[in-house]
Amino acid sequence: PSSKETPVTHNHEETLVLVKPDGVERGLTGQILARIEAKGYVITELRMLTPTREMLVKHYEEHEGKPFFEPLVEFMGSGPVVAARVTGNRVIEGFRSLAGATEPTTAAPGTIRGDLGRDWGEQVQKNLVHGSDSTLSAERELGIWFG
Ligand code: IDP
């Protein structure tokens with residue numbers, strides 16, 4: 001395709017990104033949001049809040065009953081979180097690629113978790129960011145965090 005052609009925008013999506021309490025506490029919010037913007041994604045809504053247990057139970061409903069559910073909900077409610085509505089072409093997959101693998105130890109260098117995340121031992125929940133994993137999850141989660 002010639003460079004004069006308009007880029008394909010039919011995969012335009014929205015996703016929910018959370019900077020988790022460890023990211024906010026360590027002062028990494030700016031760096032994390034900068035990586036999202038540098039990739040060309042657009043932040044269309046942003047808020048900082050300490051989520052209620054009710055919000056977190058809804059947000060993580062797919063993990064209810066798993067051994068890490070309680071520690072996860074407790075950690076996520078332990079301090080302020082930054083929630084962002086982010087839009088862009090294939091942004092759901094794109095942000096998860098920027099975030100890297102779940103565990104900071106094995107997340108690839110170049111990713112948010114790989115470059116900025118720490119190994120906290122058992123506390124795998126401390127991995128800096130959340131990103132929705134599908135269009136359905138994104139819609140559901142954006143409703144929880146932005147109403
Ligand atoms: P993801 O955030 O990379 O999509 P998920 O498997 O959806 O990972 O898990 C949601 C969150 O639950 C993770 O980001 C992490 O904070 C936490 N988590 C996942 N697995 C474990 C675990 O084995 N122990 C403790 N926390 C976990």
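User: Is His130 buried or exposed?
Analyst: His130 is buried in this predicted model, because 22 other C-beta atoms lie within 10 Å and the cut-off for buried is 20 or more.

User: Which element is His130 in?
Analyst: His130 belongs to strand S4.

User: What does His130 touch?
Analyst: Leaving aside residues up to four places away in sequence, His130 touches Val17, Leu18 and Lys20. Leu18 is also the bridge partner of His130.

User: What does the UniProt record say about His130?
Analyst: The unreviewed UniProt entry carries the annotation "active site" on His130.

User: And which domain does the record give?
Analyst: The unreviewed UniProt entry annotates residues 12-147 as "domain: Nucleoside diphosphate kinase-like". Over that stretch the chain is 41% helix and 21% strand.

User: How many bridges for S1 with S3?
Analyst: S1 pairs with strand S3, residues 81-89, over 8 bridges in the antiparallel sense. Within that pairing, Leu16 stands opposite Arg85.

User: And how many between S2 and S3?
Analyst: S2 and S3 pair over 7 bridges, again antiparallel. Arg85 of S3 turns up here too, as the bridge partner of Glu45.

User: Switching to the core. How many residues are in the largest nonpolar core?
Analyst: The largest nonpolar core has 27 residues. Val17, Phe95 and Val129 have the most contacts inside it.

User: Which elements supply at least two residues of this core?
Analyst: Among the strands, S1 and S3 each supply at least two. The helices that do so are H2 (29-38), H4, H5 (91-99), H6 (112-116) and H7 (135-146).

User: What does Phe95 touch?
Analyst: With residues up to four places away in sequence left out, Phe95 touches Thr15, Val17, Ile36, Val86 and Gly131. Val17 is itself one of the core residues with the most contacts, and it stands opposite Gly131 in the sheet.

User: Is Leu128 buried or exposed?
Analyst: Leu128 is buried, because 27 other C-beta atoms lie within 10 Å.

User: What about Arg90, what is its phi?
Analyst: Arg90 has a positive phi of about 50°, although it is not a glycine. Its place is the loop between S3 and H5. Arg90 counts as partly exposed because it has 14 C-beta neighbours inside 10 Å.

User: Where is Pro80?
Analyst: Pro80 is in the loop between helix H4 (69-76) and S3. It counts as partly exposed, since it has 14 C-beta neighbours inside 10 Å.

User: What does Pro80 touch?
Analyst: Beyond residues up to four places away in sequence, Pro80 touches Pro21, Val24, Met48, Leu49 and Thr50.

User: How far is Pro80 from Asp22?
Analyst: The two are 9.2 Å apart in space, C-alpha to C-alpha, and 58 residues apart in sequence.

User: Last topic, confidence. What is the mean pLDDT?
Analyst: The protein has a mean pLDDT of 95, and 93% of its residues reach 70 or more. Where pLDDT is low, the predicted coordinates should not be read in detail.

User: And what ipTM does the predictor give?
Analyst: The complex gets an ipTM of 0.94 and a pTM of 0.93 from the predictor.

Terms used
Residues numbered from 1 in each chain as written. Predicted model: local features only at pLDDT ≥ 70, side-chain atom pairs only at ≥ 80, totals over all residues. Pairing = 2+ DSSP bridges. Helix = DSSP H or I, 4+ residues; strand = E, 2+ residues; numbered from the N terminus. UniProt positions renumbered as here; feature names shortened; annotations may be inferred. Buried ≥ 20, exposed ≤ 12 C-beta atoms within 10 Å, placed from the backbone. Contact = placed C-beta atoms within 7 Å. pLDDT = per-residue confidence, 0-100. Core = buried A, V, L, I, M, F, W, Y, C linked by C-beta atoms within 7 Å.
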